Each structure stands twice: as C-alpha cells, then as structure tokens.
Amino acid sequence: MSSDVVLMVAEKPMLAQSIATILSHNTAVARRGVSGSCLVHEYHGSFMGRNAFFKMTSVAGHVFNTDFPPDYQNWSTTDPASLFSAPTRKVEANPKSNLVKHLRKEAKGATALVLWLDCDREGENICFEVIECAMPKMSHPRILRAKFSSITAPDIVKAMSTLGEPNENEARSVDARQELDLRVGVAFTRFQTRYFQGKYGNLDSSLISYGPCQTPTLNFCVDRHDEIQSFMPQPFWTIVPVLEYHGKTMKLKWARKRMFDKDCASLFESLVTRSKVALLQSFNTSESRKKRPLPLNTVELLKIASRQLHMSPHHTMNIAEHLYIQGFISYPRTESSKYSPNFDLRGTLKTQKNNPVWGTYVSNLLKQGLNVPQSGVDAGDHPPITPMASATEDRLGEEEWCLYEYIARHFIATVSADCIIKKSKAVFSIGDEFFSCSSTSVASQGFVTVMPWLAGDDLPDLSAAKQVPVKEVQLQQSQTVAPTHLTESELITLMEKFGIGTDASIPLHINNICERNFARVGANRTLVPTKLGIALVHGYHKIDSDLVLPTVRANIEQNISLIAKGEAEYGIVVFCPVGKKLSLLLQIEHMDQLFEASFSNVASTKGKLLTKCGKCRRYLKYLPCKPSRLYCMNCEDTYSLPQNGSIKEYEGHLCPLDNFGLTLFTNVGGKCFSLCPYCYNYPTLPDMKKNSGCNNCTHPACVHSFSSKTISHCPECDTGVLILDPSVPPKASASCNRCAFLLRFPDTAKKVTLEDEDCDTCGATPITMTFGKTSPLPDGAQSLTACVYCDETMGQLCGHSHIRFKPGGRGGGRGRGRGGRGRRGRGRGRGRRGGGAERGGGPSGGGHRGGGGGVRGGGARGGGKS
C-alpha cells in the first residue's frame with residue numbers, strides 16, 4: 001500500500017506542536033524548515049485507511065496583508081483621494097519569516113492538506129492564504145478543514161476524524177473588511193496626518209489615524225466627556241437618622257430622598273430631631289433566587305477582566321490566547337453563551353476535582369449532581385470559554401492564574417445550584433417622617449460558594465422591636481454628580497450593542513485609541529479622551545456625523561456578515577460606502593477652527609534652530625514635541641524625523657543630492673546614523689525607501705552612504721550590512737542598517753576609520769583604530785589596522801569573540817565583488833574597556849517597518865489576526 005504525504009498547518013507554532021504531540025501519541029520528531037520560527041513535526045500514521053507520512057507545521061497569523069501597489073505607497077506623491085479607487089494586492093505579511101517559501105517547500109509532493117487554523121472568520125481567511133501557497137506544489141491535492149474548540153486530546157482526535165471543507169464565503173467577508181478598512185482608513189489617515197502635522201506643532205501624536213471601527217469607539221468616549229463637561233452640579237440636602245440596635249449601627253434612608261432647598265430640609269431636620277425614638281412600622285423578609293451566571297463568552301470576559309481584575313481588553317486576550325495554546329482553556333474568541341446538548345459538562349468538571357483551591361467543592365458537586373447551565377445564545381461558532389485542564393498559580397504565574405481562576409470559577413458556578421437570597425426591609429417613622437433600611441444576604445450559597453465576592457450583609461432581626469433609640473440625626477449636604485468617563489467595561493458594552501468590531505477586534509480598537517494618544521486610561525480603568533481625540537471627533541461631526549456614528553459601522557458589519565452567509569456581493573459591500581467618504585475627505589479644512597483652539601500653529605511652536613534648509617539656505621527649526629519634526633519658517637515646509645531618540649546637527653556636512661544640512665540621530669539603544677531631512681521624507685534615488693537614513697542610502701559617491709561605510713554584511717541577520725557609525729569616540733560603534741545588532745568599540749579609541757582594501761581571508765573591510773597614551777595594545781602601540789573578525793587582538797578589543805562572520809548575505813567589503821567567503825573569525829578571549837557586541841536597542845531608523853526589531857529586537861513578527 002503506497003504512503004500518502006499529509007501536510008497539516010496550524011495558526012501558531014505552539015499549536016502545531018501541541019496538535020502533533022496529540023495525534024502522533026508523542027512520537028513526532030521536530031525539524032527546522034525554511035522559516036526559522038515555524039518548526040515541522042513529522043510522524044507516520046494512518047490517514048483515511050491508508051499509511052501516511054504526516055508533516056505538521058504552522059504559520060504565524062496572517063500570511064498575507066491587503067495593501068496598495070508600490071506606486072501608491074509614497075505619501076508625498078500620492079493623492080489620498082486616489083486611494084478610494086486604487087487597485088489593491090496581497091503582499092506577504094512578514095517577508096523576513098519566509099512563510100510563503102516555507103509552505104511551498106513543505107507542500108511539494110503532498111497529497112492532502114489539513115487546515116488547523118482557528119475556527120472563526122479570520123482563521124477561515126488564513127486557510128485560503130495557506131491554500132494559495134501550498135496547492136500549486138501538491139500532487140493531486142485534497143483540501144480538508146479541521147474544526148475544534150480546545151487543544152485537548154478528545155477534541156483534537158474528534159476533529160481529525162470529522163474533517164470538512166473550508167468556508168470560502170467567510171474568508172471573502174474578511175477580505176471585504178480588510179479592503180474597506182484599508183481604503184477608508186489609509187486615505188483619511190494619510191490626508192489628515194499630513195494636513196494637521198504640517199500646520200500644528202504640538203499635536204503629541206506621530207500618526208493621526210482614522211479607522212472605521214476605531215473612530216466610532218473614540219466617539220463613545222468623547223460623547224461621555226462632553227456630557228461631563230456640560231453637567232451643572234446642584235446642591236441638595238438629605239436627612240440621615242442613625243439607629244443602634246443590639247450593637248449594630250443602621251443608617252436610614254429618607255422616604256423623601258433629598259431636597260434642593262436648604263431651608264426646607266433644615267425644617268424637617270428639626271422636626272425629626274425632636275423625636276428620640278424610631279417606631280418600627282414594618283419589618284419584612286423575603287427570599288428570591290439569584291440565577292447562576294450564563295456560560296462565559298468573549299465580550300463578558302473582557303468586561304469582567306477590566307472591571308474586577310483591572311486588565312485591559314488587549315492584555316486580557318493575549319493572556320487568554322496563551323492559556324488556550326497551553327491547553328488550559330477552550331478557544332477564547334466566542335460569541336456563544338450556551339453549551340450544546342452534547343457538550344461533556346461532567347467530564348470537563350471532573351478535570352477540576354483535584355484542584356487544591358476548589359477541588360473539594362467540585363467533588364461534592366459531582367456527587368450531588370450537576371445543574372443544567374442557563375440557556376444563553378448559541379452563535380454556532382465555539383462553545384463558551386471553559387477550563388479544559390486544572391492549573392495552579394505556581395504553574396501559571398500571577399497574571400495567567402488570575403484570569404484562569406476567574407474562568408474556572410465561572411464555569412463551576414454555571415453548573416452549581418442557584419443562590420437563595422434573603423432580603424430584609426425595615427420601615428420606621430420618626431415624628432411624621434418615614435425612613436427605611438434594607439439588606440441582602442445569602443440564605444443558601446449555591447454558586448456563590450465559588451464566587452464569594454457576590455455575597456452581601458444582613459440586617460439584625462428587628463421583628464421583635466417596637467421602637468429603636470435614635471442615636472443622632474444628620475443633615476447631610478451633597479450635590480448631584482456628573483457621570484464618570486466611560487470604563488473599559490462600559491465601552492465594550494456599547495461596542496457590542498452597536499456592532500463595532502468583533503469579539504476578536506474589540507480589544508485592538510480600544511488599544512489603538514490609547515496608543516495613538518486619542519485617549520488615555522484613567523482611574524478605575526476609565527477612558528479619558530485627550531485634546532487631540534476631542535478635536536478629531538468634534539471635527540468629524542462638523543464635516544459629517546456619519547464619519548463617527550456607530551450605526552454606520554454597524555450597517556457595514558451587517559453587510560460583511562451577509563458576504564459570510566453568501567447573501568451579498570463582495571464589490572457592492574466594499575465600494576458602496578467609499579463614494580461618500582471621498583467627498584468628505586475634501587472638507588477637512590472645516591476642522592481647522594477646532595484644532596486652532598486646542599493646538600498652536602507650527603510656526604509659533606517653540607523650538608531650536610538645528611540645520612540648514614537646502615532650498616532657501618536658512619536654518620530649520622527643530623520641534624521636539626511628539627512627533628518631533630523640522631520646520632522651515634521661510635519655505636513653510638515640515639519634515640518628519642525618526643522618533644524615540646536624540647538628534648543634533650552634523651556640522652559641516654551637506655547632502656550632495658539636495659544641499660540640505662545633515663543631522664545625527666541616536667536611538668535609545670545607542671545606534672547612531674546620519675540623515676538628510678529631505679531624503680528621509682522624499683527619497684530621490686529610485687531604490688531608496690522613505691524614512692531611510694544615510695545608512696540605507698545607495699548614492700555611489702557620497703561619503704555618508706552605506707556603500708562608503710560598510711565593514712561587512714551583518715553577522716546577525718541575513719539582509720543588513722554592518723556600517724561604521726558616524727558617532728564620535730569614546731562612543732564609536734558599528735551597527736547593522738536593518739536589525740538591532742550593535743558593535744561597540746573600546747572607549748580608549750580616539751579615532752576609527754575604514755581601510756581601502758578588503759580582508760584577504762573573509763572579505764570584510766579592515767579598520768584602523770588609533771589610541772592615545774592609554775593604549776591597550778601590546779608594547780603601547782598607538783594604532784592597529786586589522787579585520788574585526790580575523791584578527792585576535794581586534795576581536796578582543798571589540799569584545800565580539802562569540803560572533804562568527806557568516807558566509808553569503810550581502811558579502812564583505814563595500815560592493816567591490818568579493819562577496820565574503822565567510823571564514824570564521826579567529827579572535828578569542830573577552831573584550832576590554834567598553835567594547836562589545838549588542839543586540840538591543842529599539843528602532844534602527846533604517847527605513848524598514850518594525851524599526852529596530854530586526855532579528856531579535858522589537859520589530860513586527862508577522863501578521864497576527866488583528
């Protein structure tokens with residue numbers, strides 16, 4: 001019997017490992033593939049009655065992003081209005097991960113493709129991205145879809161035995177949302193960022209973005225802020241008698257509640273004060289049933305985590321996803337609050353009976369019998385969020401345990417008995433006025449045993465009391481209070497009500513308005529809009545309220561759902577809202593009045609003179625407020641700069657292309673590079689990208705371009721080159737123009753220069769290091785010319801003996817054809833006097849998205865589902 005080759009693809013590397021371990025009965029062997037981040041787990045088994053060789057690998061979120069072609073990428077030359085009708089294309093989400101090559105190689109010769117992507121619309125979309133990569137390389141391809149909700153052996157085995165087909169309509173609905181958000185969001189973002197940053201100096205935001213979901217989310221926060229600002233407090237007075245009975249103090253509530261006239265309130269106070277006792281008119285107790293909670297869905301989890309656990313929605317979902325990948329909870333993105341009839345509630349509860357915290361309660365519950373959970377909404381996607389394995393705080397850590405504990409307690413509560421509540425109310429008369437007090441306590445705990453924070457306090461038994469002494473009578477003054485800013489929990493409720501975002505994207509939209517400085521998180525996790533956020537929302541209302549009203553986005557989401565159901569056409573849904581947005585784009589000047597009231601004009605913003613403009617030869621003004629920029633007061637032009645670092649003039653150095661004075665930028669990790677303000681914003685060379693410094697400039701003759709400063713290709717990453725930084729000793733260094741790799745030279749070096757000839761051994765460019773009287777060289781020599789990789793003394797001075805020069809890449813030298821033969825450096829020992837190779841350092845400023853993330857820095861790592 002011939003053996004089939006089955007390629008299986010999960011959404012994340014940890015999921016691939018877990019699924020392969022379960023299906024192979026822990027016999028899978030892992031190897032590296034083309035993508036270093038996604039391993040391939042291989043094992044032999046049976047597939048549909050035939051012997052099969054299985055290869056289990058993964059992606060890392062989306063394989064592709066929707067974007068505009070290169071002709072539409074330049075902010076300075078592209079009219080934002082043209083983006084509404086511009087073509088779009090799918091581009092690799094993270095080219096550095098080589099996921100497309102990885103999938104194509106692993107698919108070669110495969111006869112079946114089993115898709116283990118998350119079972120939601122985003123996962124369905126990624127399924128077809130994987131199919132696009134793998135199918136052309138397969139032999140007689142058969143495409144199958146696994147449906148699962150948890151990473152447990154029973155669920156995974158069942159999914160493997162009930163394979164179906166991917167849903168193309170659901171995938172298309174995600175494409176529609178991506179394209180619509182791209183066209184509207186990017187067009188507005190580019191237009192208003194350029195428009196406002198060129199006019200106002202203290203906006204305190206590097207990107208003034210617009211998002212069809214993000215902006216209505218911000219509108220909710222600004223609406224509440226406006227309500228607070230317009231609120232006029234009114235003073236009022238209320239009478240509060242204080243009684244004491246059997247050692248317990250009781251404060252009574254006045255039947256009239258409050259009075260806004262102080263004289264009238266004082267009159268009633270004097271009448272009540274004359275009476276020294278309160279006569280009991282009635283004392284009633286009753287019992288009511290407090291229903292056990294509904295099974296837990298995503299939105300409810302986000303609200304509870306914010307309100308009770310003080311976690312942001314974005315952080316909550318990150319933790320929940322990690323718990324899911326480890327197999328502790330079921331899939332955390334679900335709209336369902338109802339278990340299906342065949343869900344194994346008893347088996348799931350049994351996993352908790354040995355838990356050291358609630359195991360005893362669970363064991364008793366299993367003996368007494370489970371209660372049927374309340375019937376909520378079955379959205380047909382995934383079961384409610386459920387604990388799938390027992391855990392302890394020692395195993396998970398504080399934050400993960402905090403969220404897991406709530407999820408576990410909530411599930412146990414859903415199958416526990418209802419709580420019986422005892423309500424007591426006493427009514428008193430003091431003089432001719434009536435007062436009351438009430439309490440709520442637990443008569444039969446039921447599910448409150450595992451959710452003890454829901455219990456209450458009880459009143460003393462007043463049934464035998466005829467009259468109770470009045471300890472004192474207080475006339476309390478207060479005033480009506482404005483509502484508070486929206487809490488995250490309240491905002492999530494509003495977003496769910498109006499259909500803004502999905503259970504997966506709601507945390508991202510809230511996180512975005514905070515990261516873009518449109519709102520900030522205040523006390524008790526309230527969301528307080530900033531000056532910029534308020535000005536934007538008020539401005540949008542001035543142009544057209546449809547830009548911010550939640551009903552508009554809700555209608556779009558409904559239409560996208562129709563695509564998912566196969567009931568609407570893709571083109572109609574995508575292009576219907578775009579026409580109106582195009583006309584609104586042209587009315588943005590109507591927002592100027594609001595911005596002028598909140599922000600200073602860029603010409604009047606304080607700053608210092610830094611370097612010279614290449615057009616008028618006058619000094620540019622440096623505006624340090626975020627986003628830092630350069631402004632020419634004569635030409636009235638604004639030039640963006642790299643952020644999160646320091647900048648100064650590179651005295652005496654001009655760009656040969658445009659005559660602008662150069663500047664030196666040093667990021668937080670110590671990497672230094674020069675840049676031309678004009679080239680950084682408007683690249684003049686065809687192969688130079690926007691936001692590139694001189695360390696990425698391809699000018700063949702300029703002494704500041706990377707071709708004149710290259711030592712070798714980077715020993716850390718595959719795409720960058722190691723360049724001598726323009727930093728001055730004792731902070732001299734060399735750094736990669738792509739990743740965060742940084743090679744520091746010793747503090748005692750007075751001068752570091754490049755030689756003209758390449759190293760005969762490895763092809764790198766040797767350097768000359770000159771020292772003063774405190775030379776670390778043998779016999780007190782004042783200088784050393786050698787290769788940083790091949791010379792042992794130079795290796796010790798630079799502290800990089802653990803770095804090995806890799807073959808391939810861009811090659812050594814400065815483009816003279818040697819290519820770098822990549823022999824290993826010979827240096828041994830440890831560095832001296834401040835030298836050393838580093839990998840940290842934040843953004844490189846080198847013009848690539850993700851900044852200094854590079855291989856091990858903080859760069860973007862692939863297309864997550866957000």
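So, where is the place of Lys303? Lys303 sits in helix 8, the helix that covers residues 298-307. Before I go on, a quick reminder that this is a predicted model.

Okay, back to that lysine. Buried or exposed, what does Lys303 count as? Lys303 comes out at 12% relative accessibility, and buried means under 20%, so this lysine counts as buried. As for who it touches, if you skip residues up to four places away in sequence, the partners of Lys303 are Ser489, Ile492, Thr493 and Glu496.

Those partners bring us to helix 14, which runs over residues 488-498. Helix 14 packs with helix 15, residues 506-515, at an angle of about 125 degrees, and the two axes are 11 Å apart. Anything from 65 to 115 degrees would go down as roughly perpendicular and anything over 145 as roughly antiparallel, so helix 14 and helix 15 are oblique to each other. Their crossing is right-handed. On the helix 14 side, the contact is made by Leu491, Ile492 and Met495, and on the helix 15 side by Ile506, His509 and Ile510. Sort the residues of that contact by class and you get five nonpolar, one polar and no charged. Notice Ile492 in there: it belongs to the contact with helix 15, and Ile492 is also one of the residues that Lys303 touches.

Next stop, helix 13, residues 398-414, which is where you find Ile407. Its relative accessible area is 0%, so Ile407 is buried. Which residues is Ile407 in contact with, leaving aside its neighbours within four places in sequence? They are Leu296, Leu301, Ile329, Ile385, Thr386 and Pro387.

Helix 9 puts in His315, Thr316, Ile319, Ala320, His322 and Leu323, while helix 13 answers with Glu399, Glu400, Leu403 and Tyr404. By class, that contact has five nonpolar, three polar and two charged residues.

Asn644 is not a glycine, yet it has a positive phi of about 60 degrees. You'll find Asn644 in the loop between strand 21 (637-640) and strand 22 (645-654). At 56% relative accessibility, Asn644 counts as exposed. Asp779 is another non-glycine with a positive phi of about 60 degrees. Asp779 is in the loop between strand 30 (767-771) and strand 31 (783-786), and it counts as exposed at 84% relative accessibility.

Let me zoom out to the whole chain before we stop. The protein has 866 residues, and 52% of them count as buried. Its secondary structure comes to 23 helices and 32 strands. If you take contacts between residues at least 6 apart in sequence, 67% of them join residues at least 24 apart. And for the surface, the protein exposes about 38,800 Å², with carbon and sulfur atoms supplying 49% of that.

That's my tour.

Definitions and conventions: Residues are numbered from 1 along each chain as its sequence is written. This is a predicted model: local features need pLDDT of at least 70, side-chain atom pairs count only at pLDDT 80 or more; totals for chains, interfaces and linings use all residues. Side-chain values use heavy atoms; hydrogens and water are left out. Axes are lines fitted to C-alpha atoms, for helices over the stretch in contact, and angles run from 0 to 180 degrees between N-to-C directions. Helices (H or I, at least four residues) and strands (E, at least two) are DSSP runs, numbered from the N terminus. Angles under 35 degrees count as roughly parallel, over 145 as roughly antiparallel, 65 to 115 as roughly perpendicular and the rest as oblique. A crossing is left-handed if the near helix is turned anticlockwise from the far one by less than a right angle, and right-handed if clockwise. Contact means heavy atoms within 4.5 Å. Ala, Val, Leu, Ile, Met, Phe, Trp, Tyr, Cys and Pro count as nonpolar, Asp, Glu, Lys and Arg as charged, and the others, Gly among them, as polar. Buried means under 20% relative accessible area, exposed over 50%, partly exposed in between (1.4 Å probe, protein chains only). Accessible areas come from the Shrake-Rupley method with a 1.4 Å probe; for residues, only the protein chains shown count as cover.
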